[in-house]
Every structure is written in C-alpha cells, then in structure tokens.
Amino acid sequence: QPGGRLVIETQTDLYELLDVAILDGDLEIHGAVNLSPLACLTSVGSLTISQNPTLTTLSGLEQLAEINGALVITENQALSSVEALGSVRSVQGDVSIEDNPRLPTCQAEALVESIGNASITGVVSIAGNDDLGTCADGPTCGGNFLVPTGRDSWFIGQERLETLRGYAQITGTEFAIDEVRDLSPLECLTRLDVGSTEIWYL
C-alpha cells in the first residue's frame, strides 16, 4: 500500500482497509465503532486512534506487530481495553495514551511494558486515563495458529488441546477436537477462521 496519510472518519471508511496487511502510510481513525476490518493488518506507519466515542476495545488489531511511527490513543470516551495490541513489538516514535476515561491506567502501562522500552524510540506519555481501574492477572494472548492438514488437524485428548493455549486466532481448512474434558485451553481464542469445525467431549 502507498504511503501518505489516511484519515478514517466513519466505520464505513474503515472497510477500505479490509484484507490490507501492510500500510506504509500513517493511519488516523476517528468515529469507528469497531476495528474488525483491520484484522489482517500487521504493519502500519504511525497509528492514531482518537475521538471514537463508542469504541470499547481495539479488537481487530491482534495481528499488528510493527508501528513505524507514533502510537496515539486519545480521547476515546468508551475505550476500556487495549489488550488487542499485545502483538506489537516495536514503535518507531512516541507513545501517547491519554484522556481515555474508562481505560485502566494499568492496562496502558502493561501495553508499554509488553512492547518494551528498548523497542519504543520516542517518548512515552500516559495520562488522563482511569487511575482507579484494575487489571486482572489473566492469560497472555496473541498469535495465529495454523492448523495442519489431514489427520494432524484432529486435536485428540486434553494434552494435545493444551498446545493451543494462548493463541488468539486459529486458521485452517478444517479443525476438530475429540476426547477432551473442557475447552479452557481456548480461553484466548477470539477468531476461528476454518472451513469446518467439529468438537467432541468425553
């Protein structure tokens, strides 16, 4: 995709980026309801998510790994989670997470810690968020598991199912689970992109 600056003003505009994996230019998002059309995005220039009054989470950005500019998350009145950015490994600029009244400050701090100070080239600014909000010690989630083909697409037994723990997405042509007691290893799963699915309990 070409460089430059792309400004999204409505949810409909966001669908212009459906299936885009790499965006060389800067992306500004305003007025979005959800970010699901960005599910394929892995790399972007600077990323600004600002003044989205009904946006509650950043779900849809789970695959984003590189931000080749600043990361700005500001003035999102309903935003309560930034956990979807857990796969980001570098920010080539400043990080500003400010004035999101429902976002726990500890979540913003955890995101910066997850990226790592050495992987952020600019200044980090966290202010005006929910200082009283709490952060549960939940699982670390992220990544996409590609299901093998043929017989290996069957996950038989609880021990084999445990190999999927922590993955946020599962992709493949077919996927089957058999002889399991519970599905807790799939607690991080937010997207199942397979042709067919079968689940059998003990």
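A disulfide (a pair of cysteine sulfur atoms within 2.5 Å) joins cysteine 106 to cysteine 135, with S to S at 2.0 Å. It links distant parts of the chain, 29 residues apart. This is a predicted model: local features need pLDDT of at least 70, side-chain atom pairs count only at pLDDT 80 or more, and totals for chains, interfaces and linings use all residues. Residues are numbered from 1 along each chain as its sequence is written, and side-chain values use heavy atoms, leaving out hydrogens and water.

**Cysteines**
- The count by this rule is one disulfide.
- The S-S torsion of cysteine 106 and cysteine 135 is about 95°, so the disulfide is right-handed.
- Cysteine 106 sits in helix α2 (residues 105-115), and cysteine 135 in the loop between β10 (124-127) and β11 (144-146).
- Cysteine 106 is partly exposed at 23% relative accessible area (buried is under 20%, exposed over 50%, partly exposed in between; 1.4 Å probe, protein chains only).
- Cysteine 135 is partly exposed at 34%, and cysteine 40 is partly exposed at 30%.

**Fold**
- The protein has three helices and 14 strands (DSSP runs: H or I, at least four residues, for helices; E, at least two, for strands; numbered from the N terminus).
- The C-alpha atoms fill a box of roughly 50 × 40 × 35 Å along the principal axes.
- Buried residues make up 43% of the 202 residues.

**Charge**
- The protein has 8 positive side chains (Lys and Arg) and 29 negative ones (Asp and Glu); His and the chain ends are not counted.
- The centres of the two sets lie 9 Å apart, with charges placed at NZ of Lys, CZ of Arg, CG of Asp or CD of Glu.
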